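The structure comes first, and the notes follow.

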Amino acid sequence: MDSVDSVFYSERLGPSNNPLLDQLPSYQSLLYRRKSSATGSTKRRGSSRRHLSSSSSWKWKGDKVEEKPKAVAHQRLICELPKTMEEKRRDNVQRMEQARDLSSWKQWRQNTHHSLKRLKEDCMELLRRLKLWRGDIHVIEGMFGTGILSYFSFLRFLVLLNFVIFLLMFCFIMLPIIIAPHTSGNATFDLYNGRECSNYPSTSRRGLVVFHQYITDLLSGTGFLEETYLFYGYYKVESIYFPKFSYNLPLAYLLVTITYLFLSLIWIVKRSAAGFKRNLVQDEDRFQSFCNKIFAGWDFCITNETAARLKQSSLLYELKTDLEEERIKQKIADRTRREKCRIYVLRLVLNLFVVAVLAACFFSIYRATIYSQEFQSSQFDQRPNFILELIFEYLPSIVITLANFITPLMFTLIIQFEDYSPAFEIRFTLMRCVFMRLASIGVLLFSLWSQITCDLGPKCPCGYKHSDYPCWESRVGQEMYKLTIFDFIIIGAVTIFVEFPRKLIVTYCDCGLAKWWGQQEFAIPQNVLEIVYGQTICWIGTFYCPLLPAICTIKYFIVFYIKKMTLVKNCRPATRPFRASSSNFFFLVVLLIGLALACVPVIFSIAQINSSRACGPFMNYTKSWEVVPEAVSQLPGGLPTFFFALSSEAFAVSFFVVTCLAMFYVIALAGAHKRVVDQLREQLAMEGRDKRFLIQKLCQAQRTSVRSAGVQSHADRDRQSNRGAQNHDDPGGVFLAQPPVSATHV
């Protein structure tokens with residue numbers, strides 16, 4: 001062990017006596033950085049050496065290395081060991097001999113540990129087998145790789161999330177109302193019945209109803225659907241009194257709304273944490289990026305030959321993109337002041353044009369929403385035929401869909417003149433599209449509330465326009481319901497009437513236009529924006545349409561098979577790659593933006609807008625939030641004082657200060673970790689220089705040994721030639737051998 005330590009820990013025996021190791025770049029750099037603190041660094045190296053030697057699980061004994069015996073209870077199963085059968089049998093016999101020496105208690109603990117571990121593994125395997133679309137996702141992964149797989153995994157996550165939200169709404173909102181008549185439960189209803197704001201006329205069609213009117217009601221959520229469990233207005237219950245307890249439905253409605261938003265936040269953050277860590281690890285310099293793409297860029301999940309060729313082309317595209325970014329960086333660095341002014345002015349003009357396009361789209365959505373609401377407020381007999389009625393009902397959804405279809409094409413064309421790097425072009429275009437899709441929902445809600453709300457006064461005694469919107473929450477729920485249905489119709493229609501005919505034309509038509517048009521690409525970002533847009537609508541609409549999560553669950557379940565069919569039959573993977581690690585993180589970031597946008601209108605309607613007095617669980621309250629203080633005031637003991645203290649300004653300020661301190665601590669910790677990562681990267685680079693230095697020394701030693709061997713062989717040949725010349729000059733011509741030293745030698 002002293003010989004080993006004398007090489008690596010030379011300070012133990014004094015100065016190093018190995019001149020080769022003293023010449024290593026890492027050693028020279030260490031001396032340069034620590035020459036001012038040699039004593040302290042020696043102590044630290046000694047303490048680190050003692051820590052390493054004490055924490056290691058290996059012991060040096062002579063020339064052999066022995067491993068410390070592990071605890072029997074924490075040993076791996078023999079079937080999991082990467083050994084031959086003979087070695088596994090030998091290990092099994094050895095473990096049985098060790099088990100005989102244990103006490104009964106330790107043997108019981110060991111058996112229990114193994115049984116629980118096996119039960120846990122069986123349960124995990126069962127859960128993996130029960131995972132939704134397990135086989136389909138494996139097929140997609142094998143055919144197209146992990147980049148497209150990330151989209152379908154994200155779609156599965158949204159299906160599970162919406163199903164959990166539906167279970168919350170069903171168990172705590174719908175189920176108590178359903179079971180109340182069957183369990184001797186009594187329900188209390190509207191306390192303001194008969195007043196001006198409590199009038200809620202029925203919207204069901206009366207008399208002879210034409211069949212297409214039922215289709216209109218089914219697609220728009222009006223008529224018979226408005227008076228079902230589907231919408232907010234149906235839940236006209238304040239409390240449900242069961243034999244042994246009472247159930248406060250308004251409080252449950254509000255708490256479930258907060259719960260599903262908070263649950264969505266926690267679930268998304270938990271899933272995005274792993275992707276964020278991978279993004280931090282992948283935030284390396286360009287040289288390491290090239291090495292990773294060349295040596296570790298292949299996706300070994302691919303088993304399809306076509307997908308393998310596409311992966312090769314995507315890797316080639318990534319390398320070309322990185323080289324193009326390096327070229328653009330060099331071009332940016334070489335720009336003159338005149339060129340910089342020109343490109344900045346051009347970008348300013350183009351961004352002003354983008355803002356003008358967005359403003360025109362938002363104004364169109366605003367006018368379409370107002371016109372649609374005015375049409376819905378008209379009498380049934382004043383409405384035109386079935387088709388026009390359906391178009392007017394869906395006018396905001398149609399305008400939003402057209403805007404979401406046209407603006408990405410314009411953004412893709414505009415970004416080409418702004419002279420950005422290829423990677424930044426993709427990100428910037430996607431962020432513009434995200435803003436367009438999500439902001440359109442905000443404009444729609446703003447348009448609705450501008451028609452619903454009014455200043456409280458003689459002309460507006462209810463705090464909202466009761467004559468036009470007796471149950472404004474159900475009207476908002478109907479708009480979210482129509483957006484969801486129309487989005488699903490558009491996805492199916494594009495697949496059937498656009499992508500499938502395009503596949504047939506490209507496959508069976510040999511004209512140049514068809515070849516130039518090419519096969520439809522399965523663009524992952526655009527498809528993700530579609531489902532994020534739908535999920536944002538679901539989060540907003542769940543408060544006004546409690547069954548909307550169930551509709552979205554069914555919608556995404558069908559969309560999975562539609563997208564799988566269009567991927568396999570109609571489309572090809574995009575030529576521009578999208579890595580799985582960055583994909584998952586990008587998807588969840590966009591989903592977090594959608595969740596933040598969804599929280600704003602829901603919180604605003606709960607806290608600021610007067611609730612409807614004619615429908616819903618909050619008809620006995622001016623605002624929906626008033627149910628919380630009332631419920632807290634009815635708690636026994638000092639609980640009301642405690643909860644009111646939590647809502648006070650003093651607690652809010654204290655909590656804010658503590659949160660800021662915790663945030664500063666986390667930021668400082670992250671900075672320290674970043675410095676450690678930088679030091680480790682520097683150490684890795686230094687080790688690379690050490691290896692190159694040692695290889696150079698080895699090559700020099702080999703050349704020296706070869707040269708010396710050549711000189712020695714040349715000298716031996718000269719010596720042999722001289723000896724032959726001497727034998728040739730001998731007159732007898734016979735070599736006389738020396739006699740043996742003694743007579744015993746033969």
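## Terms and model

A residue is called buried under 20% relative accessible area, exposed over 50%, and partly exposed in between (1.4 Å probe, protein chains only). By that scale C545 is buried, because its relative accessible area is 0%.

The model is predicted: local features need pLDDT of at least 70, side-chain atom pairs count only at pLDDT 80 or more, and totals for chains, interfaces and linings use all residues. Residues are numbered from 1 along each chain as its sequence is written, and side-chain values use heavy atoms, with hydrogens and water left out.

## Cysteines

Searching the whole structure gives 1 disulfide, a term used for a pair of cysteine sulfur atoms within 2.5 Å. The partners are C471 and C615, with sulfur atoms 1.9 Å apart. The pair links distant parts of the chain, 144 residues apart: C471 lies in the loop between α16 and α17, and C615 in the loop between α21 and α22. Helices are DSSP runs (H or I, at least four residues), numbered from the N terminus.

The disulfide is right-handed, because the torsion about the S-S bond of C471 and C615 is about 90°. Both cysteines are buried.

For C545, the closest cysteine sulfur is that of C552, 8.8 Å away and so too far for a bond. C171 is partly exposed, as its relative accessible area is 38%.

## Nonpolar patch

L635, L639, F642, F643, L646, F651 and F655 make a nonpolar surface patch of about 610 Å². Two or more residues each come from α23 (639–646) and α24 (649–728), and α23 gives the largest share, 4 residues.

Patch residues have over 30% relative accessible area and no salt bridge, with nonpolar side chains (Val, Leu, Ile, Met, Phe, Trp, Tyr) joined within 5 Å and like charges within 9 Å. A salt bridge is a side-chain nitrogen of Lys or Arg within 4 Å of a carboxyl oxygen of Asp or Glu. Accessible areas come from the Shrake-Rupley method with a 1.4 Å probe, and for residues only the protein chains shown count as cover. L646, in helix α23, counts as partly exposed because its relative accessibility is 32%.
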